[in-house]
Amino acid sequence: MVKNKRWTAQEDTIVVSAVKDSPTNLKTAFKAASKKTGRSEGACSNRWYTVLSKDKANACFVTVSDKHQSLNRKNGDG
């Protein structure tokens with residue numbers, strides 16, 4: 001596993017692609033991304049939630065509740 005290395009654009013693309021392939025099961029998506037990038041599942045998950053999911057260009061799913069819409073988040077409780 002890679003430690004303390006900056007994320008490349010290629011690795012970001014792999015994580016986003018994995019999430020788009022499996023938006024209903026993120027654990028599977030992060031597992032697939034970790035195999036391709038050589039990073040841990042936790043690192044891929046952290047990258048998705050802290051950086052990649054906040055970019056509207058990477059929209060993979062929307063959760064809607066009575067009060068609001070959540071982009072790339074599973075919890076729509078409002």
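1. Buried here means under 20% relative accessible area, exposed means over 50%, and partly exposed is in between (1.4 Å probe, protein chains only). On that scale, buried residues make up 36% of the 78 residues in the protein.

2. A heads-up on the ground rules: this is a predicted model, where local features need pLDDT of at least 70 and side-chain atom pairs count only at pLDDT 80 or more, while totals for chains, interfaces and linings use all residues. Numbering starts from 1 along each chain as its sequence is written, and side-chain values use heavy atoms, with hydrogens and water left out.

3. The protein has three helices and two strands, running α-α-α-β-β from the N terminus on. These are DSSP runs (helices: H or I, at least four residues; strands: E, at least two), numbered from the N terminus.

4. Now the rings. Phe, Tyr and Trp (its six-membered ring) pair if their centres lie within 6.5 Å; planes under 30 degrees apart are stacked, over 60 edge-to-face, the rest tilted. That rule gives one aromatic pair: Phe30 and Tyr49, edge-to-face at 6.1 Å centre to centre with 65 degrees between the planes. The pair joins helix 2 (residues 26–37) to helix 3 (residues 41–50), its members 19 residues apart. Phe30 is buried at 6%, whereas Tyr49 is partly exposed at 29%.

5. Ser34 also belongs to helix 2 and is buried, at 9% relative accessible area. Leaving aside residues up to four places away in sequence, Ser34 touches Arg39, Ser40, Glu41 and Cys44 (contact: heavy atoms within 4.5 Å).
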